[in-house]
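Student: Could you take a close look at one spot in this model for me, and then work outwards from there? I'd like the cut-offs spelled out as you go.

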Amino acid sequence: MRWHAPADLEEALLLRGVHGEDVTVHAGGTFLGILMNQGLIAPPALLSLGRVAELRGIEVARGELRLGAMATHLAVERHPEVREGWPMLARAFGLVASRRVRAVATVGGVLADADYASDPPAALSALGARAILRGPGGERSVSIEELILGYYTTCIRPDELLVEVRVPPAPERAVYRKFVSRSSEDRPCVTVAAAHGAAGLAVVVGALAERPQRFDDLCAAAAGDLAAAGAREQLAQDYAARVEPIGDARGSAAYRRRVCAVEVRRALEALAA
Amino acid sequence: MRVAFVLDGAPAELEAGEGEMLVDALRAAGRLSVRETCGIGVCGACAVIVDDEPVSACLMLAAQVDGRSVTTVEGLPDDDPVLQAFTQAHAAQCGWCTPGMVLTVKAMLADDPQIDRERAAEGLGGNLCRCGSYSRILDAVQLAAELTLKED
Ligand SMILES: Cc1cc2nc3c(=O)[nH]c(=O)nc-3n(C[C@H](O)[C@H](O)[C@H](O)COP(=O)(O)OP(=O)(O)OC[C@H]3O[C@@H](n4cnc5c(N)ncnc54)[C@H](O)[C@@H]3O)c2cc1C
Ligand code: FES
Ligand code: FES
């Protein structure tokens, strides 16, 4: 197994462009490590981004939050400007796994692995975040919904790297709820990220289907009535009826649908409070 | 590949095999306190401190610590307050989980010197003790906090 550890982004992009699918991008390695330990993958070469300092930044530019792909979960969770301006995001990253995993797992890794049972994707989607993908042909910006296509599948091309995530100024209200069904540090069974502000209402349900679920038409219709308990309950029921849950060790499809109704209602209550 | 790093305070070098995990490299280097148990980042028995943060050595490639600093329990002085507290509180039954617990507690106390029992329990949520000596481990955290404060 070859280990490429370029010192800067230019070199990393060059290697990625030359080797394409023959190298596996290695960020924190917490996802890849499990697959390698279990013998599920044996990549011929790894392209480590661990030395690329340019990708580790977290900064606010013109009101927008910019998270470098190699910023760790712990760095996001602890960053004073994230806690102040995007507390819902700091919370969602802070609820991932244990401190040991958060110290290593990266923003780019959790999006690029596209595991359905994750926390940050739903939170980033509700906040209208976009991922910046860079390759030989230049740069493109995609929404989280465009990025995550299905089970462990993204739109990142074999010659591209996810370099940054940009989050617009936070809405007035935002909440994140993580429901776990087995142990406190488990991956989520159902998550709900909800945001309400000038851009309208966004409710995203994560971890219950192969990709985060959001129904903007339902949200647009209900956005004006959030103060009414009946309208909140109706939206929660509409979400539960529309999602297509999967069943796994964390809960059957029917169970997840019921949890979805409860958790969406609770998220909306918190938004309205 | 050649990995140059600082191991328990002293410069070290090792030859990491292809895809070799840090836990295996450290055991080969004689650090037998680092114990692969779950191999999926859940239990904390393989915890080591890299730079200032505990990590799971079962999920980190040895190549990833090139140029960094790694601390295992074997690198702590005998009079380390957390080690002392674990001994005095009889916080180990079989002792398998203890090295990972000790290192995690060190990092927790560095952030939160006056940690209370509830926050300590939360902070140790990712460290499993199959003997179930959690209540004594939490006693040890309280004692360690007192000893550490006294030391400073
Ligand atoms: C014990 C444990 C518990 C967990 N619990 C949770 C949880 O509760 N909630 C949750 O959300 N997640 C959880 N996770 C998942 C964890 O968040 C992911 O493993 C982690 O985010 C992956 O990040 P990484 O940097 O380690 O990625 P890596 O393992 O390095 O990479 C992951 C994938 O992304 C690709 N990749 C990485 N970076 C880039 C990039 N910049 N450009 C293109 N491709 C890239 C890699 O090629 C690989 O396919 C848990 C993981 C563990 C081990
Ligand atoms: S063996 Fe590494 S966390 Fe369990
Ligand atoms: S003391 Fe035996 S595993 Fe914790």
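Tutor: Let's start with A:Thr106, which is buried at a relative accessible area of 4% (buried is under 20%, exposed is over 50% and partly exposed is in between, with a 1.4 Å probe and protein chains only). A:Thr106 sits in the loop between helix 6 (99-102) and helix 7 (107-112) of chain A; helices (H or I, at least four residues) and strands (E, at least two) are DSSP runs, numbered from the N terminus. What is A:Thr106 in contact with, leaving aside its neighbours within four places in sequence? The list is A:Ala27, A:Gly28, A:Ala69, A:Met70, A:Ala71, A:Thr72 and A:His73, where contact means heavy atoms within 4.5 Å.

A quick word on ground rules. This is a predicted model, so local features need pLDDT of at least 70 and side-chain atom pairs count only at pLDDT 80 or more, while totals for chains, interfaces and linings use all residues. Residues are numbered from 1 along each chain as its sequence is written, chains are lettered from A and ligands numbered from 1 in the order in which they are written, and side-chain values use heavy atoms, with hydrogens and water left out.

Now to the salt bridges, each being a side-chain nitrogen of Lys or Arg within 4 Å of a carboxyl oxygen of Asp or Glu. Buried or exposed? A:Arg250 counts as buried at 14% relative accessibility, and A:Asp186 is buried too, at 10%.

Another bridge pairs A:Arg214 with A:Asp216, at 3.0 Å from N to O. Here A:Arg214 is partly exposed at 22%, and A:Asp216 is partly exposed at 40%. Over in chain B, the side chains of B:Glu15 and B:Arg2 meet at 3.0 Å, N to O. That pair links distant parts of the chain, with B:Glu15 in strand 2 (residues 10-15) and B:Arg2 in strand 1 (residues 2-7) of chain B, 13 residues apart. B:Arg2 counts as partly exposed at 49%. Bridges that share partners also make a network, which joins A:Arg182, A:Asp186, A:Asp248, A:Arg250 and A:Arg256.

Next, helix 12 of chain A (residues 253-272), which holds A:Ala254. A:Ala254 is exposed, at 53% relative accessible area. Its C-alpha atom is 9.9 Å from that of A:Ala240, 14 residues apart along the chain.

On to the rings. There are four aromatic pairs over all chains (rings of Phe, Tyr and Trp, the last by its six-membered ring, pair if their centres lie within 6.5 Å; planes under 30 degrees apart are stacked, over 60 edge-to-face and the rest tilted). The rings of A:Phe179 and A:Tyr255 have centres 6.4 Å apart and planes at 50°, so that pair is tilted. Because A:Phe179 lies in strand 11 (residues 173-179) and A:Tyr255 in helix 12 of chain A, the pair ties together parts 76 residues apart in sequence. A:Phe179 is partly exposed at 22%, and A:Tyr255 is partly exposed at 36%.

Charges sit over rings as well (NZ of Lys or CZ of Arg within 6 Å of the ring centre and within 35 degrees of the ring normal). The charged end of A:Arg242 is over the ring of A:Phe215, 4.9 Å from its centre. In chain B, B:Arg35 does this over B:Trp96 at 4.8 Å.

Finally, the interface. 27 residues of chain B are in contact with 22 residues of chain A. Together the two chains bury about 1,800 Å², 55% of it on carbon and sulfur atoms; buried area is the accessible area (1.4 Å probe) that two parts lose on being put together, summed over both. Four salt bridges run between chain B and chain A, including B:Glu53 with A:Arg78, the closest N and O atoms being 3.2 Å apart. On the side of chain B that touches chain A, strand 4 (53-56) and helix 3 (98-111) of chain B are the elements giving two or more residues, and strand 4 gives the most, with four residues.
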